[in-house]
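Trainee: Please walk me through this one, a piece at a time.

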Amino acid sequence: MNRLSGLSSAIALAAMMATTAIPAFATPAEAATLSGGFDVGPSGFQGNFNPLAATAGFTWLSVYFEPLVTYDEKLQKVVGLLASSYEVSPDQLTYTFKLADAEWHDGKPFTAKDAKFTIGLAQNAKTGSVFAARLNAISSVEAKDDKTLVIKLSAPSANLMDAMTKVMMLPEHALSQIPAEQLAKNSWWSTSPIGTGPFKFTKYVTDQYVELAANPDYRGGKPALEKVINRYFANPAAAIAALRAGEIQFTYVDSNDLTAFKDSKDFRAIEGNSFVVNYLGFNHDSPIWKDLRVRQAVMYAINRDAIIQSLYGGAAKPANCAYVADQVVPKGIETYAYDPEKAKQLLKEAGWDQINGNKPITLLTYYTTPLAGNVMAAIQAMLAQVGINVTPRAVDAPTYNSIVLNASPDVAQFQMVYAGLQNGPDPGSINVGLNEKQIPPAGPNVARVRMPELTKALDAALGETDGAKRDTRYQDVCKVMNSQLPWGTLWVANRYGIASTKLKDFTWTPAPGGGPYQAHPEKWAIAE
């Protein structure tokens, strides 16, 4: 526990140091401008302007792009956005969307042809789309008329609508001439993108900020704000300093930063379930993890409760599979309580000294916050106590993706990953990280999990059309994960945002990947 206490002190020291090194930034003086650190933390994706490639950052992207459907702000149900309504056939193979009257930012009408075009881009991995694997049940898309879109599936897909909440609609007239393989890194995304949302893209200053202006022709009415600015920060501590100085009015924070804002009349804390399970992903292409006893030893070696209490301040729940929601976690599964002696015995039985011994194992992550660094250090120390030598390596999200999504990766670069994947609001969202059919380049199963029993359980859950039976299907997934350990699941933590009390009608939800959800940016306002 002394080590963990020291790590907490290190976090505090890092935050203090960061507050002294913030460059000056001239924010607009007018009260009709909201500035925020929207891409700080795990729900952000700094510098990404392409929603097809987005695994996070949806809080910001959805201020100017919009999907057909989205979650309500409580993340409990899917509601229409660019689709004014939708219907699902009794066999759950046909989805019919009626589209709202909307215009692109350049004044051209949004139609079902645009929606069909967008879904085609999202299904095509050559565009850089991260959604292709999630949409593979779609067999056809038809624009019946300008306001009617029909999607047909080859088999029922319980999480299709969850995937559709993240597919931001794109203009056919602006993008159709760009070859698919050139689309991902095209300059259009950061220079002249157009969406249908309440704000229009106006300016990007490289690595500093993005500026949007109010869309006076937005179908929901002219926004209350004139401008919204997304500031980029090197870390949460720098963003917090800017928040305190009044340079921005909102940012993400780690749980250990909350005490600085407790009882403050100038700020309000927004708390919620992250719906993201943090895990140690064993690269199943590496021979060192083939023996189940080795994977079990990793679980028994880590004192998750101590990390949760000391580093997360109690703001997390241990996860013994991909889920923590009661309805999808069966009774009686193994809890992997901290037991380093058991871990050592399992490693001895497996012949760890011959398998790997004290050779260093790269533990790759895209989490770069001080809190994440201290979590990694704690895991490193605990595994070292039982004879597993890991070397943490933190990189930015694009670098991480280039390594783990490579069709022929260098196993030595990531024998393990410390990562997160959403386990809700729809539990089917975890499928892409575990199903054997989603191994890169087909999908984001970066741990290269090849477990037929797990794939069978996932397929059965995704294809379950009876809502009353769906929870039981996901319990089956949980049982396989718990017993076979494709990942070493750790916890599901809460997430936090801090907003100035000057903000009015401002909605932010600690959603996985930043959303999307009903945030109504057109209603956001800031007091004089």
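This is a predicted model: local features need pLDDT of at least 70, side-chain atom pairs count only at pLDDT 80 or more; totals for chains, interfaces and linings use all residues.

**A serine in a loop**

Mentor: Start with the side chain of S429: one of its polar atoms is 2.8 Å from the backbone oxygen of D426. Numbering runs from 1 along each chain as its sequence is written, and side-chain values use heavy atoms, without hydrogens or water.

Trainee: Where does S429 lie?

Mentor: S429 is in the loop that links β16 and α15. Those names come from DSSP runs numbered from the N terminus: helices are H or I with at least four residues, strands are E with at least two.

Trainee: And is S429 buried or exposed?

Mentor: Buried, with a relative accessible area of 1%. Buried means under 20%, exposed over 50%, and partly exposed in between, using a 1.4 Å probe and protein chains only.

Trainee: Which residues is S429 in contact with?

Mentor: Leaving aside its neighbours within four places in sequence, S429 is in contact (heavy atoms within 4.5 Å) with R134, N159, D162, L421, Q422, N423 and G424.

Trainee: What about R448, what's its phi?

Mentor: Positive, about 55 degrees, although R448 is not a glycine. R448 is in the β16 to α15 loop as well, and at 1% relative accessibility it counts as buried.

Trainee: New spot, then. What is the phi of L485?

Mentor: L485 isn't a glycine either, yet its phi is positive at about 50 degrees. L485 lies in the loop between α16 (467–484) and β17 (487–500). With a relative accessible area of 1%, L485 is buried.

Trainee: Let's do helices. How do α9 and α11 pack?

Mentor: Helix α9 (residues 292–301) and helix α11 (residues 340–350) pack at an angle of about 165 degrees, and their axes are 8 Å apart. That makes α9 roughly antiparallel to α11, a label for angles over 145 degrees. The axes are lines fitted to C-alpha atoms over the stretch in contact, and angles run from 0 to 180 degrees between N-to-C directions.

Trainee: Which residues of the two helices meet?

Mentor: On the α9 side, R293, V294, Q296, A297, Y300 and A301; on the α11 side, P340, K342, A343, L346, L347, E349 and A350.

Trainee: How many residues of α9 are buried?

Mentor: Eight of the ten, so α9 is largely enclosed by the rest of the structure. Among the buried ones are V294, R295, M299 and Y300.

Trainee: Last one: where is R244?

Mentor: In helix α8 (residues 236–244). R244 counts as partly exposed, at 47% relative accessibility. Apart from neighbours within four places in sequence, R244 is in contact with A260, F261 and F267.

Trainee: And how far apart are R244 and A407?

Mentor: They're 163 residues apart in sequence and 45 Å apart in space, C-alpha to C-alpha.

Notes:
Angles under 35 degrees count as roughly parallel, over 145 as roughly antiparallel, 65 to 115 as roughly perpendicular and the rest as oblique. A polar contact is a pair of N or O atoms within 3.5 Å; within protein, one must be able to donate a hydrogen and the other to accept it, and residues adjacent in sequence count only if both atoms are side-chain atoms.
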